[in-house]
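Reader: Hi! Could you walk me through this model, step by step and in plain words?
Author: Happy to. Here it is.

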Amino acid sequence: MFVDEALITVFAGDGGNGCCSFRREKYVPRGGPDGGDGGKGGSVVLLADRGVSTLLTYRYRTLFRAQRGRHGLGANKTGRSADDLVLRVPVGTVVAEAESGHLLADLDREGQRLVVARGGRGGRGNARFASSTNRAPTRSDPGEAGEERALRLELKLLADVGLIGFPNAGKSTLISRISAARPKIAGYPFTTLEPHLGVVDRGGYRSFVVADLPGLIEGAHQGAGLGHRFLRHVERCRLLLHLVDPADPDRDPLEGIEALNGELAGYSPGLAAKPQLLVVTKADAVQERDRVQAVERHAAGHGRPCLTISAVTGLFGETRRIYDSTSASVPN
Ligand SMILES: Nc1nc2c(ncn2[C@@H]2O[C@H](COP(=O)(O)OP(=O)(O)OP(=O)(O)O)[C@@H](O)[C@H]2O)c(=O)[nH]1
Ligand SMILES: [Mg+2]
């Protein structure tokens, strides 16, 4: 199960109480105050870890409590400080306060840490309060309470290229052709229910990450279909590939393109403004040349490149060339 959202509550540990004690020992009259300080409570820390890929753990368990500091003791013994509680989250987790929505951090680098709840300091023992005028103080402080915080964790995938399109456009087929990712492929809508990442290796150190996302439909930004949940993963992509099946029986390709861009804009203006490439899919099977040419003209009108592919035959090229109106058939 792919989980990209979680609400958790974290409690840092309280500080230990300071101790009030006096040294009492044979042959040591008026031994003086010797109450030690309390130890520090444990903090709760989030750690971005590449080994964790979803927020699933935080669905099963939502309350996390760090240990408290131990109390101070007599004979000037300081209480032991508690260890921090480290919660591992996937790289790409965005952390916000649950109620206010206030953004705390974007953990987008491996090993990045964020203290989300600070442990309480230990209280001072009475030995600390001894002075020239008060040599037998009875004051000792209680430990400070640890912080408590409700958090909203949101995972945004870190991909360079995002594949978007209506269901059945051929997104999963494309990613399985260009990377080692093997999402389920089938001739019915909503085959893909969760995002898949694939690494495209171009040799040497040149590689990039592609995200295959569940199909979008009209009204997605308001929650229709699989909804806008997955649009957030597109937010970080540098480039969007907008896949269009010109033979889609459910919609006219031009209307589809407009509708999908409307969904992006409805989710956030930044999404609609991302560099976008139109990709006409299934060139091996398409008969509707006029539909394809309309898509091509639309793309040219918006200053977007338009490519044609067939994930089945491996055909790839500029739509203008492949669907040249003078040639009789589509070369494979
Ligand atoms: N002929 C042909 N069929 C294709 C091509 N690419 C995809 N298909 C078919 O189109 C159907 C849908 O492909 P998918 O890759 O599952 O589509 P999707 O966009 O991932 O769909 P959802 O996950 O439901 O959003 C499948 O039956 C594929 O075999 C292609 O290049 N040529
Ligand atoms: Mg799919």
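**A chat about the model**

Author: Let's begin with Ser310, whose place is in the loop between S14 and strand S15 (316-318). Helices (H or I, at least four residues) and strands (E, at least two) are DSSP runs, numbered from the N terminus.

Reader: Before we go on, what should I know about the model and the numbering?
Author: This is a predicted model, where local features need pLDDT of at least 70 and side-chain atom pairs count only at pLDDT 80 or more, while totals for chains, interfaces and linings use all residues. Residues are numbered from 1 along each chain as its sequence is written, chains are lettered from A and ligands numbered from 1 in the order in which they are written, and side-chain values use heavy atoms, with hydrogens and water left out.

Reader: Thanks! So is Ser310 buried or exposed?
Author: Ser310 is buried, with a relative accessible area of 2%. Buried means under 20% relative accessible area, exposed over 50%, and partly exposed in between (1.4 Å probe, protein chains only).

Reader: And which residues is Ser310 in contact with?
Author: Leaving aside neighbours within four places in sequence, Ser310 is in contact with Lys282, Ala283, Asp284 and Leu315. Contact means heavy atoms within 4.5 Å.

Reader: Let's switch to ligand 1. Which residues come nearest?
Author: There are 22 residues around ligand 1, and Lys171, Ser172, Thr173, Thr192 and Asp284 come nearest. A residue counts as near if one of its heavy atoms lies within 4 Å of the molecule.

Reader: Where does Thr192 meet an oxygen atom of ligand 1?
Author: A polar side-chain atom of Thr192 lies 2.7 Å from an oxygen atom of ligand 1. Gly170 has a polar backbone atom 2.9 Å from an oxygen atom of the ligand. Taken alone, ligand 1 exposes 650 Å², and the protein buries 86% of that. These areas come from the Shrake-Rupley method with a 1.4 Å probe.

Reader: What are the protein donors of the magnesium ion?
Author: They are Ser172 (OG) and Thr192 (OG1), lying 1.9 to 2.0 Å from the ion, which is ligand 2. Ser172 lies in helix H2 (residues 171-178) and Thr192 in the loop between H2 and strand S10 (196-201), so the pair ties together parts that are 20 residues apart in sequence. Donors are N, O and S atoms within 2.8 Å of the metal (3.2 Å for Na, K and Ca); water is not among the atoms, so sites may look incomplete.

Reader: What do the buried residues of H2 pack against?
Author: They pack against strand S9 (161-165), S10, strand S11 (207-212), strand S12 (239-244) and strand S14 (306-309). Those buried residues are Lys171, Ser172, Leu174, Ile175 and Ser176.

Reader: New topic: how many residues are in the largest nonpolar core?
Author: It has 25 residues, and Val10 and Tyr58 have the most contacts inside it. Apart from it lies another core, of 14 residues, among them Leu260. A nonpolar core is a set of buried Ala, Val, Leu, Ile, Met, Phe, Trp, Tyr and Cys residues joined through side-chain atoms within 4.5 Å.

Reader: Where does Leu260 lie, and what does it touch?
Author: Leu260 lies in helix H3 and counts as buried at 1% relative accessibility. Not counting residues up to four places away in sequence, Leu260 touches Ile164, Gly165, Phe166, Leu216 and His242.

Definitions and conventions. A polar contact is a pair of N or O atoms within 3.5 Å; within protein, one must be able to donate a hydrogen and the other to accept it, and residues adjacent in sequence count only if both atoms are side-chain atoms.
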